[in-house]
Amino acid sequence: MITGHITRISGPIVYAQGLEKSGLYDVVYVGKNQLIGEIIRQSTEKTTIQVYEDVSGLSVGEEILSTERPLSLKLGPGLVGTIYDGIQRPLKEMYEDKGAFLLPGQRTEPIDAEKKWDFTALLKEGDSIEPGKIIGSVQETGSIVHKIMVPPNIRGKILKSFKGSGTYTVDEVIAITDFDEEIRMSQYWPLRKPRPFAQKLEVTEPLVTGQRVIDVFFPLSKGGTAAIPGGFGTGKTMTQHAVAKWCDADLIVYIGCGERGNEMTDVLTEFPTLIDPRTGRSLMERTILIANTSNMPVAAREVSLYSGITLAEYYRDMGLHVAIMADSTSRWAEALRELSGRMEEMPAEEGYPAYLPTRLAEFYERAGRVKALCGSLGSVSVIGAVSPAGGDFSEPVTQHTKRFIRCFWALDRELANARHYPAIGWIDSYSEYASEIKEWWDKFDPLWANVRIKALDLLKKEQRLQQIVRLIGADALPESERVILIVCEMIKNGFLQQSAFDEIDCYSVPQKQLEILLLIMDFYAHAVELVKNGCPLQKINDLSVKNEIVRAKSTVPNDKLENLSAIRNHLDDQMAELERMYRKEQAV
């Protein structure tokens, strides 16, 4: 190991001499407590180190040891269901060891080194191998089959020796290549380096979340990127929780980056009690949590996003669809700003470093749908929350994020104050994935694209009409325009608003989502035709089927969609009856 000593301390930034031969981003152990750090700047005169732990008590002159290797994550069976901090220290095990507060230099193995796993071999001794090839599997949890892969940086071509199926720990050697390289069930990977893949593919399938405003109006694809910007209290964390609970991803990586501790506590206490609707097992059996709350070291907050995306890429390479919830990238950007200020760099907009857009791009560009080295298809979908101060979407983090994402779920303060959740505003939000996943939706109903556009256009017209209503009142509008106000209220209350506490309404299957919207738009078409023929709008508004449609979200279970057909029959019957009555009155 290369040794050096501390010459200056500026919070989590430490300057040293004697480490000139170390590489950039090499891991170092700082001081007598051997705090974990990383070299982030190198020159002939001094080395700049970012320390990922509390530096209280550190003094000038203490020794620094360089490991001469980059900051890496240990990857293998045992990751799922664990809660880590930003540098992959398992918080539950550390709490059981030393108590609730992390001690300087405290660490333990990220994966249980003593637990034995039942390994099922797929190859045999003498078989050819290549980077990423699957040599066997382990049943990691009831929901996840963990595929043991040849590390991407392996040079060997043949398994010179192979133990085959059996019970092993993650650190036991199970195979040796013709280059005498050892293969274990665990491997290390530098977290700042994207894992390789065979081919990047186009996105064609949506990430189904069960949230109607997302799946129908502003869909996200598997392998796509989305941002949820919103001021304090507008429901960013709640929306991410709902997506994490109900989306059809195989694995969830939830990153609590600089958020309040009570929010992570909610995740920890709630997720184990939730049942995955696809497997009937605990949601924690397909979840990895990374907690780097606001009271934890700021430098580890900066690296926590890279830890999360590296874990996601590892499971993507097994052919799984992984969804990342990053809450929030604004707190991550604030960590960058603080560290940049400590290093006396020239600030850019609002004090953020000039390389903020580059770092955001590096993170979001690691999302995507790929053909892995093993030949399987997998994806990483990234959903990042943004917390602009005062809800100002013109601030740098939000604006730069919009450059690198294709799905924007803008949270609206007025909707949140009206207890309309999810509070995703339909005016500022957008999705560029709609055309790419149209073919997937067409298998349910080819009308999806048209009804989606018509409903969004109707909501935009309603916004303009509301400005007139505030000035002169709704009664001054012609009935053809008042129909739009009534139908848009139906869309808001019966389709867009969704209760996470309602047993039926918390999750909607795609068929139900589309059928409800079609019912509302059919009501609109009937109403426009009747009003055009002179029928009073009040009679249309008084039809009982209107309330049936609005309440369908919570009265029709996902497994009884035939009830929606009954509502459609009521709609046709009542509209036809109203037309007959009106024609009869006109004749008299």
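The structure is a predicted model, in which local features need pLDDT of at least 70 and side-chain atom pairs count only at pLDDT 80 or more, while totals for chains, interfaces and linings use all residues. Residues are numbered from 1 along each chain as its sequence is written, and side-chain values use heavy atoms, with hydrogens and water left out.

## Overall architecture

The C-alpha trace of the chain spans about 100 × 55 × 40 Å along its principal axes. The chain holds 16 helices and 25 strands; helices (H or I, at least four residues) and strands (E, at least two) are DSSP runs, numbered from the N terminus. Of the 588 residues in the chain, 57% are buried. Here buried means under 20% relative accessible area, exposed means over 50%, and partly exposed lies in between (1.4 Å probe, protein chains only). The accessible areas come from the Shrake-Rupley method with a 1.4 Å probe, and for residues only the protein chains shown count as cover.

Helix H6 covers residues 329–342. Its 14 residues should span 20 Å at 1.5 Å a residue, and the end C-alpha atoms are 20 Å apart, which agrees. The expected span of a helix is 1.5 Å times one less than its number of residues. The buried residues of H6 are Thr329, Ser330, Trp332, Ala333, Ala335, Leu336, Leu339 and Ser340.

The peptide bond from Asp327 to Ser328 is cis, with omega near 0 degrees, and Ser328 lies in the loop between strand E21 (321–327) and H6. Just after H6, Glu344 takes a positive phi of about 60 degrees.

## Salt bridges

A salt bridge is a side-chain nitrogen of Lys or Arg within 4 Å of a carboxyl oxygen of Asp or Glu. By this rule the count comes to 33 salt bridges. Three of them are listed below.

| Salt bridge | Closest N and O atoms |
|---|---|
| Lys32 with Glu62 | 3.8 Å apart |
| Arg359 with Glu302 | 3.3 Å apart |
| Asp317 with Arg316 | 2.9 Å apart |

Lys32 forms a salt bridge with Glu62. This pair links distant parts of the chain, 30 residues apart: Lys32 is in the loop between strand E3 (26–30) and strand E4 (35–42), and Glu62 is in the loop between strand E5 (47–51) and strand E6 (63–70). Lys32 is exposed, with a relative accessible area of 64%, whereas Glu62 is buried, with a relative accessible area of 12%.

Arg359 forms a salt bridge with Glu302. Arg359 lies in helix H7 (residues 356–364) and Glu302 in helix H5 (residues 298–316), so the pair ties together parts that are 57 residues apart in sequence. Arg359 counts as buried at 16% relative accessibility, and Glu302 is buried with a relative accessible area of 2%. Salt bridges that share partners join Glu38, Arg192, Glu302 and Arg359 into one network.

In the pair of Asp317 and Arg316, both residues are buried.

## Surface patches

Patches are made of residues with over 30% relative accessible area and no salt bridge; like charges are joined within 9 Å, and nonpolar side chains (Val, Leu, Ile, Met, Phe, Trp, Tyr) within 5 Å. Lys and Arg count as positive and Asp and Glu as negative, while His and the chain ends are not counted. The place of a charge is taken as NZ of Lys, CZ of Arg, CG of Asp or CD of Glu.

Glu93, Glu96, Asp97, Asp112 and Glu114 gather in a patch of negative charge on the surface. Glu96 is in helix H1 (residues 91–98) and is exposed, with a relative accessible area of 55%.

Ile468, Leu471 and Ile472 make a nonpolar surface patch of about 330 Å². Leu471 belongs to helix H11 (residues 448–472) and is exposed, with a relative accessible area of 76%.

## Further backbone geometry

A cis peptide bond also joins Tyr421 and Pro422, with omega about -5 degrees. Pro422 is in the loop between helix H9 (413–417) and strand E25 (430–431).

Tyr25 has a positive phi of about 70 degrees although it is not a glycine. Tyr25 is found in the loop between strand E2 (13–17) and E3, and counts as partly exposed at 30% relative accessibility. Gln88, which is not a glycine either, has a positive phi of about 65 degrees. Gln88 is placed in the loop between strand E8 (83–84) and H1 and is buried, with a relative accessible area of 6%.
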